[in-house]
Structures are given as structure tokens and as C-alpha cells.
Amino acid sequence: MDNRYIVIFDGVCNFCNGAVNFIINRDPEGTFAFTPMQSELAQELTQRFNVPDVGMDTLVLIKAGKCYVLSDAALEIAKDLKGPWRLCYVFKVVPRPIRDAAYKLFARNRYRLFGKREACMVPTVEVKSRFVGIDT
């Protein structure tokens, strides 16, 4: 495994796929790599880091040997993006239970709001190197 931070996301969620593209566009150095929750690598990593209650609605970030989930993962990602997005990290002052409750409410409704795909996204040639643990 390389030294990139790994984002584990729901590969069939349209919103989640849009979020991956959003991160890629604001991460010109390629700090982040991605794998869908449906991949074997994601299953191995969530078991290795003992991620509690992991489900398709759980955003996971593996960064420098630490595991972040739900709103902590989203804020850690934002902190490392180019542009004003790193300012979102100020929401870290909001207690985690409140942040996670808001995250879970959105996650429960994301398919209804944004739809879903029949299968995980296939990365384009331009960003293929940013994905790990999948056969493309």
C-alpha cells in the first residue's frame, strides 16, 4: 500500500461518486486514493481498523495509520483540500454526536435525493490511478 490517504465510499451512490470527483478536483497532488465500500480492500481495511457499524452509508478515511468515520472523515478530508474547503474544519468544534446525527440523516436519504447506480463507478483513464483495490 502506498502513503496516500484512502477514502472508502459507497460506490453505487450518485452523491458519493460526485463527492469523489469533487475531492479529486481539489487534490492536485493526489493525496487521496479511493476504494468503494463494496471492494474487498474496503472490507479488509474496515475489519483491520475495527470500524463499528460499518455500512454502505459509512464514509471512512484511512490517514497516516488512523481511521476516521462519518463526520470526522468528512472534516479530515476537507482539511486537506485546496481552496476554502479546509475552512470547513471549524465544524470540528460541534460535538461529534451532533455532527454524526446530521451526517446519518443525510446518508439515510441520499439515494432518494440523488439516486444510485446499478454497479460501482468505473473510473476514467485520467483518474484510474487514484483508485485502489478495484479491477478496472
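The model is predicted.

**Stop 1: the largest nonpolar core**

Start with V7, F32, F34, L61, I77 and F131. The largest nonpolar core has 21 residues, and these six touch the most other members. Now colour by secondary structure. At least two core residues come from each of β1 (5-9), α1 (14-25), β2, α3 (70-79) and α4. Helix α1 gives the most, with four residues.

Keep V7 selected and show its surroundings. Beyond four places in sequence, V7 is in contact with F32, A33, F34, T35, L59, V60, L61 and I77.

Next, select I8, A33, L45 and V51. They are included in a second, separate core of 11 residues.

**Stop 2: T35 in strand β2**

Select T35. It is found in β2, which covers residues 32-36. Is T35 buried or exposed? Its relative accessibility is 0%, so T35 counts as buried.

Now show the side chain of T35 and the backbone of V132. A polar atom of that side chain lies 2.8 Å from the backbone oxygen of V132.

**Stop 3: K63 in strand β3**

Move to K63, in strand β3 (residues 60-63). This lysine has a relative accessible area of 10%, and therefore K63 is buried.

Which side chain makes a polar contact with the side chain of K63? Select E76: the contact between the two side chains is at 2.7 Å. Then display Y5, Y68, K79 and D80. K63 touches these as well as E76, not counting residues up to four places away in sequence.

For a distance check, pick the C-alpha atoms of K63 and Q47. They are 16 Å apart in space, and the two residues are 16 apart in sequence.

**Stop 4: helix α4**

Select residues 96-114, which make up α4. Draw a line between the end C-alpha atoms: they are 25 Å apart. At 1.5 Å a residue, the 19 residues of α4 should span 27 Å, so the two values agree.

Where is the kink in α4 centred? Go to R108, where the helix kinks by about 40°. Step past the end of α4 to G115. Just after the helix, G115 takes a positive phi of about 85°.

Back inside α4, select R99, D100, Y103, A107 and R110. These are the buried residues of the helix. An α-helix has 3.6 residues a turn, so residues three or four places apart point the same way. Show α1 and α3 as well: the buried residues of α4 pack against both.

**Stop 5**

Finish on R99, one of the buried residues of α4. At 11% relative accessibility, R99 counts as buried because the cut-off is under 20%.

Show two partners of its side chain. The side chain of D72 makes a polar contact with the side chain of R99, at 2.8 Å. The backbone oxygen of V94 also lies 2.8 Å from a polar atom of the R99 side chain.

Last, widen the view. Setting aside neighbours within four places in sequence, R99 is in contact with S71, D72, L75, F91, K92 and V94.

Definitions and conventions: Residues are numbered from 1 along each chain as its sequence is written. This is a predicted model: local features need pLDDT of at least 70, side-chain atom pairs count only at pLDDT 80 or more; totals for chains, interfaces and linings use all residues. Side-chain values use heavy atoms; hydrogens and water are left out. Buried means under 20% relative accessible area, exposed over 50%, partly exposed in between (1.4 Å probe, protein chains only). A polar contact is a pair of N or O atoms within 3.5 Å; within protein, one must be able to donate a hydrogen and the other to accept it, and residues adjacent in sequence count only if both atoms are side-chain atoms. Contact means heavy atoms within 4.5 Å. A nonpolar core is a set of buried Ala, Val, Leu, Ile, Met, Phe, Trp, Tyr and Cys residues joined through side-chain atoms within 4.5 Å. The expected span of a helix is 1.5 Å times one less than its number of residues. The bend at a residue is the angle between axes fitted to the seven residues ending there and the seven starting there.
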